[in-house]
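Me: Can you walk me through this one? I'll ask as we go.
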Amino acid sequence: MILAAARNDTIRSLVATAPVSRDVVSRFVAGETTADAVAATRRLVDSGLAVTLDYLGEDTTDAIQAANTVDAYVELLEHLHAENLADRAEVSVKLSAVGQLLDEKLALDNAARICRAAQAAGTTVTLDMEDHTTTDSTLRVLGELRRTWPWVGAVLQAYLRRTVDDATRLATEGSRVRLCKGAYSEPETVAYPDTAEVDKSYVRCVNALLAGEGYPMFATHDPRLIRIIGERARVHGREPGGFEYQMLFGIRPEEQLRLARLGNTVRVYVPYGGEWYGYLMRRMAERPANTMFFLRAVMTRS
Ligand SMILES: Cc1cc2nc3c(=O)[nH]c(=O)nc-3n(C[C@H](O)[C@H](O)[C@H](O)COP(=O)(O)OP(=O)(O)OC[C@H]3O[C@@H](n4cnc5c(N)ncnc54)[C@H](O)[C@@H]3O)c2cc1C
């Protein structure tokens, strides 16, 4: 229901313009500007965490807007470099924000500009994964980018039936792969409808990635999966530096610090920018408690 509401223009403009939205958004989004993003990165890095930054904006249907997104990433990367944060902070990019819906080649060229800037800054790029209609296109663009920048990271979604095969195929030397459950509303033909099935698929993919030669990045807040990942990593002889945990900004911050204190690499996904609506709605859809938090804030302020 929330994901459907997210596509409704009236609801969208109501939420986006409500004054209270700003307070709620700040729990999950670092701010609107490059300076906000860099300041949040500094705080996280100083507390022992690594970071991946996402300039919010998706489903771009305008080449100029796509180019503006690329400019925002380039500016961010220059600042990360100038502030000596690039060894602990990389960027995450949604191809739909840089033109994938218009033309795959445009998205490839735009993503390549971001990769060049990342290389110059001394850091890496991970391509976020969006709904299943874009999976093949995103993996094609990833393959092209990796010819020049083998460090470009991929994301796989455990809820897709195809993913264990993709995980096995991508688990090669030098290959950075983020595994998440998946955040889009998908049909049963391509995705497991049942959360227990998604969790089983996640564990199959954990094993495939740990058994391979790549660098797995396990993105989840799920306590049970985090425990299983730790156990499976030990079975596969992976030292803490041989894989990482990833979580979202503002979600389970104490757990992020606990895992880091145990010597693990923990990377926080930090979204920033003016286009926070779609991102916020996906976080609401995942967890009724977040929606209640939001509704309570609206009701007590209005
Ligand atoms: C670093 C990172 C990158 C991601 N990149 C992508 C991507 O490229 N493509 C994509 O489709 N999805 C992506 N996701 C989202 C992911 O697919 C899930 O939708 C999201 O992580 C929730 O799944 P979970 O594994 O945490 O498990 P869940 O079963 O959703 O949650 C397990 C527990 O975690 C806590 N929790 C989870 N979500 C929330 C929340 N919103 N607020 C508060 N507590 C919560 C709760 O304690 C909950 O019981 C990413 C997630 C992370 C952490």
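Reply: A term to start with: two residues are in contact if their C-beta atoms, placed from the backbone, lie within 7 Å. Helices (H or I, at least four residues) and strands (E, at least two) are DSSP runs, numbered from the N terminus. This is a predicted model: local features need pLDDT of at least 70, side-chain atom pairs count only at pLDDT 80 or more, and totals for chains, interfaces and linings use all residues. Residue numbers start from 1 along each chain as its sequence is written.

Me: Ok. What do the buried residues of H8 pack against?
Reply: Strand S4 (154-157), strand S5 (176-180) and H9.

Me: Which residues of H8 are buried?
Reply: In helix H8 (residues 163-170) they are Thr-163, Ala-167 and Leu-170. Buried takes 20 or more other C-beta atoms within 10 Å of the residue's own; exposed is 12 or fewer, and partly exposed is in between.

Me: Where do they sit, seen down the axis of H8?
Reply: They fall within an arc of 75°, so they line one face of the helix. The arc is that of the directions from the helix axis to the C-beta atoms.

Me: Switching to H9 and H10. At what angle do they cross?
Reply: The axes of H9 (residues 195-211) and H10 (residues 223-235) cross at roughly 25° and come within 10 Å. Axes are lines fitted to C-alpha atoms, for helices over the stretch in contact, with angles from 0 to 180 degrees between N-to-C directions. H9 and H10 are therefore roughly parallel to each other, a label for angles under 35 degrees.

Me: Which residues make the contact?
Reply: H9 gives Asp-199, Tyr-202, Val-203, Val-206, Asn-207 and Leu-210. H10 gives Leu-225, Ile-228, Ile-229, Arg-232 and Ala-233.

Me: How do they divide into nonpolar, polar and charged?
Reply: Eight are nonpolar, one is polar and two are charged. Ala, Val, Leu, Ile, Met, Phe, Trp, Tyr, Cys and Pro count as nonpolar, Asp, Glu, Lys and Arg as charged, and the others, Gly among them, as polar.

Me: New topic. What is phi of Asn-84?
Reply: Near 55°, a positive value in a residue other than glycine. Asn-84 is in the loop between helix H5 (63-82) and strand S2 (89-93).

Me: Is Asn-84 buried or exposed?
Reply: Exposed, because Asn-84 has 11 C-beta neighbours inside 10 Å.

Me: And where is Trp-149?
Reply: Trp-149 lies in the loop between helix H7 (135-148) and S4. Leaving aside neighbours within four places in sequence, Trp-149 is in contact with Cys-115 and Gln-119.

Methods. Angles under 35 degrees count as roughly parallel, over 145 as roughly antiparallel, 65 to 115 as roughly perpendicular and the rest as oblique.
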